[in-house]
Amino acid sequence: MNAVRRGHVGGVTLFRSLNVDSPAQIRELTERLQATARQAGRPPLLIAVDQEGGQLMALGDATTPFPGNMALGATRSAELARRVGFAIGRELAALGVNVNYAPVADVNLNPHNPVIGTRAFGEAPDLVATLSAALGRGLQAAGVAATAKHFPGHGDTAGDSHHGTPVVTHDMETLRRIDLPPFQAAIEAGVRLILTAHVAVPALDDQPDRPATLSARILRGVLRNELKFEGVIVTDALDMRAISQGAELYVDAICAALAGADVLLLTSFLDQPGIYATLLQAARRGLLPMTE
């Protein structure tokens, strides 16, 4: 709450292990967070969760255990995906949550992928595109902002970006045929946010080991200029090991902001004050624009 009072955060992400007990407790928590922001003269907070369905349900037993995306993908039903998105959104909105880090728009081509797997709708780009757009529409019809992830695609990797930087080796033709269409469909469906992936994509960047989260060529060049996304770009958690940690994290935070990220996501408040101070000083020194 102190960070909210100081105005150093734009939002809060809730985690099952840290913040969740019961529906009533979640609603009380979100109301207290928004009340604290109002009393401090701050804008309303983004209150977000990873409520994908299936294996990733951030609010756990406090909400309905909907099947995961692979199960939805097996039905091939855009209407069912929309209805599930709407139902998830209704529950989140009732609890005071206004952002969901879903849908997963990754095309899961690699059976050895340790981080996506059943979280994806499938391995067919057209199906993933259709169901991602439908689930996003359902969420937003219920008043919760949808977030397509993990841009520009985490589906064909054998590594986990929580522990290192996976490399997507697709060439430009493959990226435009497989990885990018689900995000284009989500954008056309009006999703409010897109969450970046900590994957390196040499075909899109002149630094072949640079995570997409830190790449202006990927975020500004592809996402903004080519796909025409005008919403909010949010990073995946910056304390994942694909991003440099320790003192180097502060440099990477500046890189993410310069690349075009609007919101920098952290799973711990321990680094937040230092990163805020770093970004503010970078702006004072002219390294970051104060406005865009």
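Ala, Val, Leu, Ile, Met, Phe, Trp, Tyr, Cys and Pro count as nonpolar, Asp, Glu, Lys and Arg as charged, and the others, Gly among them, as polar. The legends below describe close-up views of a predicted model.

**View A. Lining of the second largest pocket.** This pocket has a volume of about 500 Å³. Its lining is made up of 23 residues, and Phe15, Asp50, Leu56, His162 and Asp236 are the closest to its centre. Sorted by class, the residues that line the second largest pocket are 12 nonpolar, 7 polar and 4 charged.

**View B. Lining of the largest pocket.** The volume of the largest pocket is about 1,600 Å³. A total of 48 residues line this pocket, and His8, Val9, Gly10, Val263 and Leu264 lie nearest its centre. Elements that contribute two or more residues to the lining are helix 1 (2–6), strand 1 (11–13), helix 2 (16–19), helix 3 (23–39), strand 2 (46–49) and helix 11 (272–284). Helix 11 gives the most, with 6 residues. The class count for the lining of the largest pocket is 34 nonpolar, 10 polar and 4 charged residues.

View C. Val199 sits in the loop between strand 7 (193–196) and helix 9 (216–226). Its relative accessibility is 0%, so Val199 counts as buried; the cut-off for buried is under 20%. Once neighbours within four places in sequence are left aside, the residues in contact with Val199 are Pro152, Gly153, His154, Thr157, Thr165, Pro166, Val168, Arg210, Pro211 and Ala212. The C-alpha atoms of Val199 and Val167 are 5.6 Å apart in space, while the two residues are 32 residues apart in sequence.

**View D. The largest nonpolar core and the contacts of Ile194.** In soluble globular proteins, nonpolar side chains tend to be buried together. Here the largest nonpolar core has 59 residues, and Leu14, Leu45, Phe151, Ile194 and Leu223 are those with the most contacts inside it. Helix 6 (residues 125–141) gives the most to this core, with 6 residues. With neighbours within four places in sequence left aside, Ile194 is in contact with Thr147, Ala148, Phe151, Ile187, Leu223, Phe229, Val232, Ile233 and Val234.

How values were computed. Residues numbered from 1 in each chain as written. Predicted model: local features only at pLDDT ≥ 70, side-chain atom pairs only at ≥ 80, totals over all residues. Heavy atoms only, no water. 1 Å grid on protein atoms, 1.4 Å probe; cavity = no way out; pocket = protein on both sides within 12 Å on 5 of 7 lines; lining within 4 Å. Points joined across faces, edges and corners; volume = space filled by probe spheres on them. Helix = DSSP H or I, 4+ residues; strand = E, 2+ residues; numbered from the N terminus. Buried < 20%, exposed > 50% of the residue type's maximum accessible area, 1.4 Å probe, protein only. Contact = heavy atoms within 4.5 Å. Core = buried A, V, L, I, M, F, W, Y, C linked by side-chain atoms within 4.5 Å.
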